[in-house]
Amino acid sequence: MYDDEMDPKIIIMGDFNDDPNSKSINEFLVGDDLYNPMESLFDSEKYGSLTYNGKWNLFDQIIFSKNFLEKKEDNYSFYYASVFNKRWMKIHRGKFKGNPFRTYVGRWYQGGFSDHFPVYAFLKKES
C-alpha cells in the first residue's frame, strides 16, 4: 500500500478511437481514479481533434491520475489542456473548411500534416 507521498503520478495519452464522453472512456478507463480534462473541451458541433461525417470527435486525449490535481509544494500539478489547431494546419475552403489539412486522402498525397489535430497539456510546478 502506498502512502500519499508515494502515489505514482500517471499520464495516459493517445488516440483512443472514442470521445471523452464515450462509455469506454468514461466508465471503463477513467472511472473514479483518473481525470480527463478533454471531456470539458469536447463539443461535437464545434470543437475536437478530427472530423467524421461532418461532426467533430476528440479521440486524441491526455488523461491524468487525480493526484495531478493536488497542489503541493515542489510538485507538478495539472494546469490546462487544449487542441493545437492553428490556422496553418487547416483546410481553408470547400466542403472540409476548418478540418485538419491531411497528409493523404486515400492514396493521394495532399502535402498536409495529419487527419487529426494534436492535443497538449500544461503542468505547473507549485512553489
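Trainee: Which residues of β5 point one way, and which point the other way?

Mentor: D60, I62 and F64 point one way from β5, while Q61, I63 and S65 point the other way, and all are buried. This is a predicted model, in which local features need pLDDT of at least 70, side-chain atom pairs count only at pLDDT 80 or more, and totals for chains, interfaces and linings use all residues. Residues are numbered from 1 along each chain as its sequence is written, and side-chain values use heavy atoms, with hydrogens and water left out.

Trainee: Why is β5 described as largely enclosed by the rest of the structure?

Mentor: A residue is buried if its relative accessible area is under 20%, exposed if it is over 50%, and partly exposed in between (1.4 Å probe, protein chains only). In β5, 6 of the 6 residues are buried, and therefore the strand counts as largely enclosed.

Trainee: Which residues of β5 stand opposite M13, D15 and L34?

Mentor: M13 has I62 as its bridge partner, and D15 stands opposite D60. For L34 the bridge partner is S65.

Trainee: Why is N67 called buried?

Mentor: N67 has 11% relative accessibility, so it falls in the buried class. This residue lies in the loop between β5 and β6 (76-83).

Trainee: What makes the pair N67 and S65 a polar contact?

Mentor: A polar contact is a pair of N or O atoms within 3.5 Å; within protein, one atom must be able to donate a hydrogen and the other to accept it, and residues adjacent in sequence count only if both atoms are side-chain atoms. The side chains of N67 and S65 are joined at 2.5 Å, and therefore the distance meets the limit. The side chain of N67 also reaches the backbone oxygen of P8, at 3.1 Å.

Trainee: Which residues does N67 touch, apart from those up to four places away in sequence?

Mentor: They are D7, P8 and K9. Contact means heavy atoms within 4.5 Å.

Trainee: How do you know the class of N17 and D74, buried or exposed?

Mentor: N17 has 53% relative accessibility, so it is exposed. D74 has 56%, so it is exposed too. N17 is in the loop between β1 and α1 (23-30), and D74 is in the loop between β5 and β6.

Trainee: What is the phi of N17, and what is that of D74?

Mentor: Phi of N17 is near 55°, a positive value in a residue other than glycine. For D74, also a residue other than glycine, phi is near 60°, again positive.

Trainee: Why is G111 called partly exposed?

Mentor: G111 has a relative accessible area of 34%, so it belongs to the class in between. G111 sits in the loop between β8 (108-109) and β9 (119-125). Leaving aside neighbours within four places in sequence, G111 is in contact with F101, R102 and T103. From G111 to F101 the C-alpha distance is 8.1 Å, with 10 residues of separation in sequence.

Trainee: How many residues does the chain have, and what share counts as buried?

Mentor: The chain has 127 residues, and 29% of them count as buried. Among contacts with a separation of 6 or more, 62% join residues 24 or more positions apart. The C-alpha atoms fill a box of roughly 55 × 30 × 25 Å along the principal axes.

Key:
Pairing = 2+ DSSP bridges. Helix = DSSP H or I, 4+ residues; strand = E, 2+ residues; numbered from the N terminus.
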